[in-house]
Amino acid sequence: MKAKNLLFIANAVENREGEAEKRGHQRVFRRSLNGLLKCVRFTFVFAIFAIFSVTVYGQDVVVRLVIDGTEVFDLPAPPIVVDGRTLVPVREVFERVGGIVGWHAGHRQVSLFYGDDVIVMTIDEYRANFNGDFFEMHTPPIIHNERTMIPLRFPAEVFGFDVRWDDEKRAAIVNSPGNGNGSGDEPNEPESPVIILPPAGDDTPMLPVVDPPTLPPVDEPPEDDELPPPGVTARPVLNPEDLARDISALPIQTILHPQTTITALQTPRETGAAAFVAIASSPISEVQHFLLSDNRLVIDIHNAASALTGNFDISGSNVPISGVRASQFSQEPSVARIVFDVIGSAEYSVSLSDDRTRLTVSFSRNRISAVLPAQSDEFSQSLLIAGDVLPSITVSTEGFPHFITLNIDNADMAAAGGIFEAGNFASHFETGQNTDGTAFVRVFVRDEWPSFSLSQNANVVAFTLHRSISGMRYDSVNRELRISRELALNLSAAPRINDYLRFRYTFVLPAEAEVFGRGEMSVPDGFVNSVSLSRVGEHMHLTFNTARVLSFTVFEEPDYYVIRAQLPREISPFIVVIDPGHGGSAPGTSHHGVVEKDFALDVSRMVMQHLESDPFITAFATRREDVYVSVLGRAEFANNLGAGLFVSIHANAAEREGVPNPEPHGIETWYTISELETAANHSTDSRRVGQIFQQNLINRTNANNRGLRHEPDFVVLRETNMPAVLLELGFLTNPDEAALLACPDYRRTLASAIYQSIVEAFALA
């Protein structure tokens, strides 16, 4: 669907009674669209000048923005003054002075690139990141009238501009490096911004990004000892020597042609080479490509529509990338975008065919020049693998219990095998070439199956075998941890901590389990990342750090206790995801002392209590505390679980001409039958499920029945591939209903009705 059509729908929805707060969903969706607009380099041209009518402390005034002595009148949004600080529209201003602006909808972060420097700021947060260091700003960036507005002084000064405020002219004056005449004051602002370092040890990453990641993450960073919440794919900022390298032979010249369409993207399986080819319906006018600091290669094709969208299957492609996706990045100007997630310091080139209809992105093959044993002792044993560039390695344990295979993508093996002269874990290794173009190293282990890990430095990967926990071994083929029965353990009765939102599952064992040692074994099988054993108070914690949400079952064999890791749908056919609406920096609506995010979380917890006592239903929540989770991340979470039902819990609000309307009241249930749900061919659709919820809620509460309602563009309904409903449990703008929604007994009634509806919905399947 084209962006303008989506915006038209979103605007139309805003006119409906009772949907004032649900506009938050459309706003999130529109912000995502706005975040996918242009991100284009400009040359260093400083000719900006503006006269704006803004509101400062309730009075209309004229604010002027002057850069290098020149003003302009064509900015689409006026600046605003908040708490005495000037905020300006980020893209329209910053791109004019030679910067690059990136927007990450999932994190709600705006990134400013200027020269070799980068600033990352998060909407509504005072903390900013400049080149990896955290600083405190006087005023945070905000979303105002669908525009991202940032404080002018902080980024301008840290990038080396001079900033001053001329109170007589009501002008913010900015001079580029070398052109400044000293600084002055903004209204009520000190001469320079107060910069406050965060508490020691705070190293939470804020990643400079330009396009959305494959899975949108949350905007509140996890604590240091936590794994990311659902839907997060963390991408580290790499050192320059670890980044991919552009070896393109010639720059691509710009030649104007009529608008074209990108109709296909051929993968290496189709091209027969380590290359991707984008095919256009007519000559391409302009191509820009650049590499981000997290090793994403961005290809922008200007004056082009994209018939491609989403992720491409690259399995068996034998190239040093982990993913590739395409989208219509911008409508005006028309820009088609292709993004490659590059692995390691691979070399790439970008070129156009002579007729300009085929754009080729090639990745050069890596030559593995050396495979050598390194240090060996009773605790560890290492093997070094060196290439022309950093090898991209995946580990296979299909040779269990005899050997471990290291597959090296897009590589030619030029090194011989060898033996380990010392070491307790492996005897020898073989090297070779696979028919699919990958190279391999096969490491033959001794009697005891070891743990292993990978580390890298420049163009060398170290593969290390080590012993961390004795008496336990992990079978990657069957996804089973086997524990020696030398110690009597009642694992079936052991307390468990299912911290699935942080991808952790813990068995609480008695202190005697310390006989197995302490430490962590690495088991990167795509399901479990590692298993750790640690002392916590008077107990030992056996923790599975997982790559996705898993369920665990326990059984016994004559010589072992066995813990099996399984996908939830392998255990239960009845999986429901409860989605407490809003959270964190997205509070939802708030009236008469009730905040929607708190109400939704409290009711959801009550529903989860019912579900967790039901032996036939497996339940998960998208959040269990006051944190922000992106709306798309919630849907992805449910889809990845293979859930059979999705229930989003909210409170409603109404407005009349922008003023809260106290009259509407009652309960309504929203649904949409999405393309994903239709493709999944569920026997029970969202409409039938919605009827069940609406009827039970009305019967239990005697609330006003506002009925079953259809909405095609609520993201959590549109992007889920199972029956899904969004419950509006009452209007906080109605004082009587707000008082009810604040009542714990009424919340328990709502929760009971929701639980009963879930049971009935699963009974239909």
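Buried residues are those with under 20% relative accessible area, exposed ones have over 50%, and partly exposed ones lie in between (1.4 Å probe, protein chains only). The model shown is predicted, so that local features need pLDDT of at least 70 and side-chain atom pairs count only at pLDDT 80 or more, while totals for chains, interfaces and linings use all residues. Residues are numbered from 1 along each chain as its sequence is written, and side-chain values use heavy atoms, with hydrogens and water left out.

**View 1. Phe503 in the loop between β37 and β38**.
Phe503 lies between β37 (496-499) and β38 (504-510), where strands (E, at least two residues) and helices (H or I, at least four residues) are DSSP runs numbered from the N terminus. With a relative accessible area of 13%, Phe503 is buried, and its phi is positive, about 60°, although the residue is not a glycine. Most residues other than glycine have a negative phi.

**View 2. Asp124 in the loop between β7 and β8**.
Asp124, a residue other than glycine, has a positive phi near 70°, and its relative accessibility of 41% places it in the partly exposed class.

**View 3. An open sheet of six strands**.
The strands follow the order β47-β44-β48-β53-β51-β52 with mixed pairing, two strands being paired if DSSP finds at least two bridges between them. At the edges are β47 (618-621) and β52 (705-710), each of which pairs on one side only. From one strand to the next the twist averages 20°; axes are lines fitted to C-alpha atoms, for helices over the stretch in contact, and angles run from 0 to 180 degrees between N-to-C directions. Within this sheet, β44 (residues 575-580) and β48 (residues 645-652) pair in the parallel sense over five bridges, and Val576 has Leu645 in β48 as its bridge partner.

**View 4. Helices α8 and α13 on the sheet**.
Helix α13 (residues 744-764) packs on the sheet, touching (heavy atoms within 4.5 Å) β44, β48, β51 (667-671) and β53 (724-731), and its direction makes about 155° with that of β48. Helix α8 (residues 631-641) lies across β44, β47 and β48 and runs at about 170° to β44.

The buried residues of α8 include Val631, Arg634, Phe637, Asn639 and Leu641. Just after α8 comes Gly642, which takes a positive phi of about 70°.
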